[in-house]
Amino acid sequence: FLPAALVARALTGLDKLDPKLAKRLPKVLEAGLNRLYRFQHGDGGWGWWQHDRTNDFMTAYVLFGLAMAKRAGIKVRPRVITRGNRYLRGRVRSLRRTPALHAYALYALSLGGQLPPAEIDHSLSKLKKLNAYGLALLALAYHAKGDAATAKYVLKRLHKRIEIASRSEAYFKGRGTLRGWSQDGLEATAVALRAFVTTRSYQKDWPRLVRWLLKQRRGGRWR
């Protein structure tokens with residue numbers, strides 16, 4: 001669902017679409033939304049499956065996806081988002097022990113205007129504990145909140161972590177929210193690039209980050 005939602009958002013406003021894509025995309029989005037509606041748990045969150053334990057990361061991930069869908073002009077059931085936000089707001093304080101996940105949850109909540117002030121202030125006071133991935137998400141959360149000054153401050157801290165791979169390439173170290181594929185800097189670099197582009201910051205580094213990400217691609221995908 002999320003890839004389709006991001007494609008829909010990217011294509012918003014374009015006059016011409018590939019006819020096959022234009023025909024298929026709404027069906028993919030509808031099927032994905034209906035699946036997410038069915039998979040929402042009684043407590044408002046989501047797990048990996050329909051009848052498993054609620055997972056905080058998956059809940060934040062779904063809320064992010066639904067927010068992207070709304071921004072692409074796709075109708076999403078308001079109650080589904082309200083219940084998801086309520087669950088995550090109730091859990092976010094307990095995520096402080098996992099800084100990257102705490103930052104991701106704050107970002108997901110910020111997209112729906114549901115940021116708990118005490119929690120985002122806590123993250124700001126613990127910047128030294130955040131890796132590049134967490135700093136990028138926190139900057140995005142402050143940007144969504146409308147606090148440009150604090151977002152700029154966090155981005156400055158993030159930019160100090162940039163690693164120069166060559167004259168034409170740069171990246172960020174650090175794992176993301178999950179073990180395995182998120183540990184090698186791919187997710188950290190991608191989210192940092194998103195933060196810079198969203199806030200129109202450090203534009204000279206955009207091409208270098210893009211080149212590094214493209215170089216990590218294996219065939220038509222990233223591992």
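Colleague: Where does aspartate 56 sit?

Modeller: Aspartate 56 is in helix 3, which covers residues 56-71. Keep in mind that this is a predicted model.

Colleague: Buried or exposed, that aspartate 56?

Modeller: Buried. Its relative accessibility is 11%, and the cut-off for buried is under 20%.

Colleague: Which residues does aspartate 56 contact, leaving aside neighbours within four places in sequence?

Modeller: Tyr87, Leu88, Arg91, Leu95 and Leu101.

Colleague: Switching topic. What's the overall secondary structure of the protein chain?

Modeller: Ten helices and two strands. In sequence order the pattern runs α-α-α-α-α-α-α-α-β-β-α-α.

Colleague: And how much of the protein chain is buried?

Modeller: Of its 223 residues, 47% are buried.

Colleague: What about contacts between residues 24 or more positions apart?

Modeller: They make up 57% of the chain's contacts with a separation of 6 or more.

Colleague: Now helix 7 and helix 8. At what angle do they pack?

Modeller: About 165°, with the axes 8 Å apart. Helix 7 spans residues 132-145 and helix 8 spans 148-159. Angles over 145 degrees count as roughly antiparallel, so helix 7 is roughly antiparallel to helix 8.

Colleague: Which residues make that contact?

Modeller: From helix 7, Ala132, Leu135, Ala136, Leu138, Ala139, Tyr142 and His143. From helix 8, Thr150, Ala151, Val154, Leu155, Arg157 and Leu158.

Colleague: How does the contact split by class?

Modeller: Ten nonpolar residues, two polar and one charged. As for handedness, helix 7 passes helix 8 in a left-handed crossing.

Colleague: On to helix 10. Which of its residues are buried?

Modeller: Helix 10 is residues 206-215, and its buried ones are Trp206, Arg208, Leu209, Trp212 and Leu213.

Colleague: What covers them?

Modeller: The cover includes strand 1 (163-166), strand 2 (169-171) and helix 9 (186-199).

Note on methods
Residues are numbered from 1 along each chain as its sequence is written. This is a predicted model: local features need pLDDT of at least 70, side-chain atom pairs count only at pLDDT 80 or more; totals for chains, interfaces and linings use all residues. Side-chain values use heavy atoms; hydrogens and water are left out. Axes are lines fitted to C-alpha atoms, for helices over the stretch in contact, and angles run from 0 to 180 degrees between N-to-C directions. Helices (H or I, at least four residues) and strands (E, at least two) are DSSP runs, numbered from the N terminus. Angles under 35 degrees count as roughly parallel, over 145 as roughly antiparallel, 65 to 115 as roughly perpendicular and the rest as oblique. A crossing is left-handed if the near helix is turned anticlockwise from the far one by less than a right angle, and right-handed if clockwise. Contact means heavy atoms within 4.5 Å. Ala, Val, Leu, Ile, Met, Phe, Trp, Tyr, Cys and Pro count as nonpolar, Asp, Glu, Lys and Arg as charged, and the others, Gly among them, as polar. Buried means under 20% relative accessible area, exposed over 50%, partly exposed in between (1.4 Å probe, protein chains only).
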